[in-house]
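Please consult the structure shown below.

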Amino acid sequence: MADAPASQTQQDRKSVRRSLKPLTRLIPYLRKHKGMAIGALVALFSAAVITLILPNAVRRMIDFGFGADDPALVNSYFAVLVGVVCALATASAVRYFLVMWIGERVVAELRSDVFAHLTQLSPTFYDTAKSGEILSRLTADTTQIKSAFGASASQAMRNFIMFAGASVMMVVTSPRLSVIVLAAIPVILVPILGFGRQVRKRSRFAQDTLADASAYAGEMLGSVKTLQAFTHESRSANRYGSAVEAAFQAARKAIMARAALTGFAIMVIGASIVAVLWIGASDVFSGRITGGELSQFLLYSILAAGSLATLSEVWGELSQAAGAAERLSELLDIESEISAPAKPAILPAEPRGSISFDDVSFAYRNAEHMPVVKDLSLNIAPGETVAVVGPSGAGKSTLFNLLMRFYDPATGIIRLNGVDLKQLDPKGLRKQIALVPQDTAVFGASIAENIAYGRPDASREEVIAAAKAALADPFIAAMSDGYDTLVGERGVTLSGGQRQRIAIARAVLKDAPVLLLDEATSALDAESERLVQKALDQLMKGRTTLVIAHRLATVLKADRIVVMDEGRIAETGTHADLSAAGGLYAKLARLQFDAERQAEAV
Ligand SMILES: Nc1ncnc2c1ncn2[C@@H]1O[C@H](COP(=O)(O)OP(=O)(O)OP(=O)(O)O)[C@@H](O)[C@H]1O
């Protein structure tokens, strides 16, 4: 599946899966921990076998120990029993540890894999996906799988072994009584399977509803200022409340199905035990079996019944986990639209930083009927500075997206150093490009770490040098902890101009031959503006620069101005040429730059 459009994922979700098959996706994770898994199985098996020995020991004690009227014999039986109990305790503790360990381990690895996969997906996926929903999958679904692996799977196996063993031992003890108990089994099993399907369907629905609610919460908390500015607090809280309520109702239905399943199983099992006891009692009176044998049989049938009841409960849990595994599999199966070719081309060193767009057309996946770039051709020489201007929505940022290969063009070829971008490994390509975006993302870490985002292996000295080149050093030095000051979500909020200088410092560190610069539209104060401009001038030296320009100063400095309109290049030339031509540029320049001149005059 390529980057799935939302509608397709929705459709997949609605389809009801009828088995635990999605859980097989987890087998490779188990294989990695074969030793632990085998250990868990051995412990599991030992504990089950020891439990099965107990009723036999009880019978021997009743029939021989008490019967023989020999206290020494009774004592030795109890001594053996203590040993058996110790062995049972040890095996159970080992089983618990190993099984829980495997559950935690598998989920840790699964989480890392899902996250790593998510980081690889192309922006097309994120254009339609809701980040809150994805986070819910990463946390809630994996937790469900953990409980399935940690507890349910081992319980299922233990109880299956116990059930099989106890059934065999029941037949050995009293074939006549066994018939009654075993006849009840199909009566129990058939509805269990039916209920199980219901539980699975409903719990998947509950999880989906919860994921939708999380997506909404994520979106709202991400833009809390807008929310409060429009005083939408109670409206949002109500909407989230209803979403959570819907999730609760869905969960309630799943729980109801499970409760009915458990109650039903216990009732049928209990009834058959009472019947056995009744008939067994009359058999003891008539001398057909001994009292010890009836006790043994009864203990085995309680064991078998208990195992079956647990199995029915565990079946429900495993079904829930299968729903979660299915949702995670869907995520893991999404392939990135953008990937490296089998044999990526080597980028020639020369001409360093030459760019060409050759008859390129492109539309975003979620608006395919609306091409955003149309038959666009543009050659940029190494070291050239090209300013891209145009009305809002003309497709300027899209050019950057295409050049960084976040998306592939529908038709036409884009080349770097003469090589088609599709022939290159996207990572290799992106190493050649430094992006200074309009709105810089600052991460919850120290300033130094934020700058080193440009090149994580950079030394402290290199980070400081980059900050100096970006004229960011003075404001960083003035902060309480200097380069170690925490910023972003965990610390100080940076101003627009400061963030831009952090972005420039990152680009300085990256030292790539191509620079993509998206000038901020929001005006900085004169001093910040001067500093940012000065830092940029330094950065642009010797690099091929494509700049989405909003300032007169920038277009004046550019070697060439490209004017975009509705996805096409409307005009190209210098500021003087284009102003004189009296076309779109002249109009834009009049509107935009006149205001700037007036502001400067004030
Ligand atoms: N991820 C996306 N999915 C769908 N449509 C998009 C996406 N990004 C941009 N568009 C649309 O593509 C068109 C061009 O957008 P683009 O951001 O390239 O314009 P721009 O010239 O950079 O505009 P601005 O100056 O306002 O930033 C717009 O109509 C926009 O709505």
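## Overall architecture

Of the contacts in the chain with a separation of 6 or more, 81% join residues 24 or more positions apart; a contact requires C-beta atoms, placed from the backbone, within 7 Å. The model is predicted: local features need pLDDT of at least 70, side-chain atom pairs count only at pLDDT 80 or more, and totals for chains, interfaces and linings use all residues. Residue numbers run from 1 along each chain as its sequence is written.

The chain contains 20 helices and 12 strands (DSSP runs, H or I of at least four residues and E of at least two, numbered from the N terminus). Its radius of gyration is 35 Å, well over the 25 Å from the globule rule for 602 residues, so the chain is more spread out than a compact globule. The radius is taken over C-alpha atoms, and the rule is 2.2 Å times the number of residues to the power 0.38.

## Helix α11

Helix α11 spans residues 396-403, of which Lys396, Thr398, Leu399, Leu402 and Leu403 are buried (20 or more other C-beta atoms within 10 Å of the residue's own, all placed from the backbone). These residues lie on the same side of α11, because they cover an arc of only 155° around the axis, taken from the directions from the helix axis to the C-beta atoms. Arg405, with a positive phi near 55°, follows α11.

## Ligand shell

The ligand is surrounded by 13 residues, the closest being Tyr364, Ser392, Lys396, Ser397 and Thr398 (C-beta atom, placed from the backbone, within 6 Å). Helix α11 supplies the largest share of this shell, three residues.

Conventions: Buried ≥ 20, exposed ≤ 12 C-beta atoms within 10 Å, placed from the backbone. Contact = placed C-beta atoms within 7 Å.
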